Amino acid sequence: MNKVSMMGDISLWQLPKTAFLCSDKFSAGSVLKSYDWAIEMKRANRCVISGFQSKLESDVFELLLKGNSPLIWVLARGMFDRAPLKLREHIESGRLLIVSPFDQAIKRPNRELAYERNQFIADNADEVVFAHIHVGGMLEQLVIGDGNTTRFLDGE
């Protein structure tokens with residue numbers, strides 16, 4: 001990994017952060033639990049950090065965008081040249097920080113980058129929440145530090 005690039009209000013990086021991670025394959029039960037969790041995070045105004053890449057992570061991102069809580073989106077690629085249009089208002093309002101720990105020349109995410117990104121997220125969060133970990137999936141391999149709180153919404 002290279003120097004970390006950030007787009008948005010970099011002071012969000014100093015906030016206590018709760019990571020949200022979910023396997024690409026997840027159980028039906030994890031969906032409602034994740035939606036309830038997202039509502040809880042919105043009410044608590046807690047900063048959520050994620051790659052928001054899997055289907056359920058993406059759905060939770062959409063729910064969280066409807067609130068006011070701070071969000072940190074970590075890319076599994078290099079930084080955007082320009083933020084996606086639908087996210088610019090959230091960046092400009094100071095509630096969304098986009099982060100990339102990869103060289104800007106990397107334009108497409110892949111499995112290896114996603115793993116490195118997820119480890120980066122876990123390493124930089126105070127709490128790691130797993131919506132679902134698919135047996136044999138990439139999230140099973142993450143190393144969670146001793147200082148982190150880990151929570152599981154659903155398991156296999």
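Me: Angles under 35 degrees count as roughly parallel, those over 145 as roughly antiparallel, 65 to 115 as roughly perpendicular, and the rest as oblique. At what angle do helix H1 and H2 pack?

Reply: The angle between helix H1 (residues 28-44) and H2 is about 30 degrees, with 10 Å between their axes, which are lines fitted to C-alpha atoms, for helices over the stretch in contact, the angles running from 0 to 180 degrees between N-to-C directions. H1 and H2 are therefore roughly parallel to each other.

Me: Before I go on, what sort of model is this?

Reply: This is a predicted model, in which local features need pLDDT of at least 70 and side-chain atom pairs count only at pLDDT 80 or more, while totals for chains, interfaces and linings use all residues. Residues are numbered from 1 along each chain as its sequence is written, and side-chain values use heavy atoms, with hydrogens and water left out.

Me: OK, back to the helices. Is the crossing of H1 and H2 left-handed or right-handed?

Reply: The crossing is right-handed, a term that applies if the near helix is turned clockwise from the far one by less than a right angle, anticlockwise being left-handed.

Me: And which residues in H1 meet H2?

Reply: On the H1 side they are Ser-30, Val-31, Ser-34, Tyr-35, Trp-37, Ala-38, Met-41 and Lys-42, and they meet Leu-56, Asp-59, Val-60, Leu-63 and Leu-64 in H2; contact here means heavy atoms within 4.5 Å. By class, nine of the residues in the contact of H1 with H2 are nonpolar, two are polar and two are charged, where Ala, Val, Leu, Ile, Met, Phe, Trp, Tyr, Cys and Pro count as nonpolar, Asp, Glu, Lys and Arg as charged, and the others, Gly among them, as polar.

Me: Zooming out, how many helices and strands does the protein chain have?

Reply: The protein chain has four helices and seven strands, taken as DSSP runs (helices are H or I with at least four residues, strands E with at least two) and numbered from the N terminus. Read from the N terminus on, the elements run β-β-α-β-α-β-α-β-α-β-β. Of the 156 residues of the protein chain, 49% count as buried, and among contacts between residues at least 6 apart in sequence, 68% join residues at least 24 apart.

Me: Changing topic to charges: how many salt bridges does the count come to?

Reply: The count comes to three salt bridges, each being a side-chain nitrogen of Lys or Arg within 4 Å of a carboxyl oxygen of Asp or Glu. One of them joins the side chains of Lys-55 and Asp-59, at 2.8 Å from N to O. Lys-55 and Asp-59 are four residues apart in helix H2 (residues 55-65), so about one helical turn separates them.

Me: What about Glu-62 and Lys-86?

Reply: The side chains of Glu-62 and Lys-86 meet in a salt bridge at 2.6 Å, N to O. Glu-62 lies in helix H2 and Lys-86 in the loop between strand S4 (71-74) and helix H3 (88-92), so the pair ties together parts that are 24 residues apart in sequence. Glu-62 counts as partly exposed, at 31% relative accessibility.

Me: And which residue forms a salt bridge with Lys-107?

Reply: That is Asp-81, with the closest N and O atoms 3.8 Å apart. Asp-81 lies in the loop between S4 and H3 and Lys-107 in the loop between strand S5 (96-100) and helix H4 (111-123), so this pair ties together parts that are 26 residues apart in sequence. Asp-81 counts as exposed at 62% relative accessibility, whereas Lys-107, at 39%, counts as partly exposed.

Terms used:
Buried means under 20% relative accessible area, exposed over 50%, partly exposed in between (1.4 Å probe, protein chains only).
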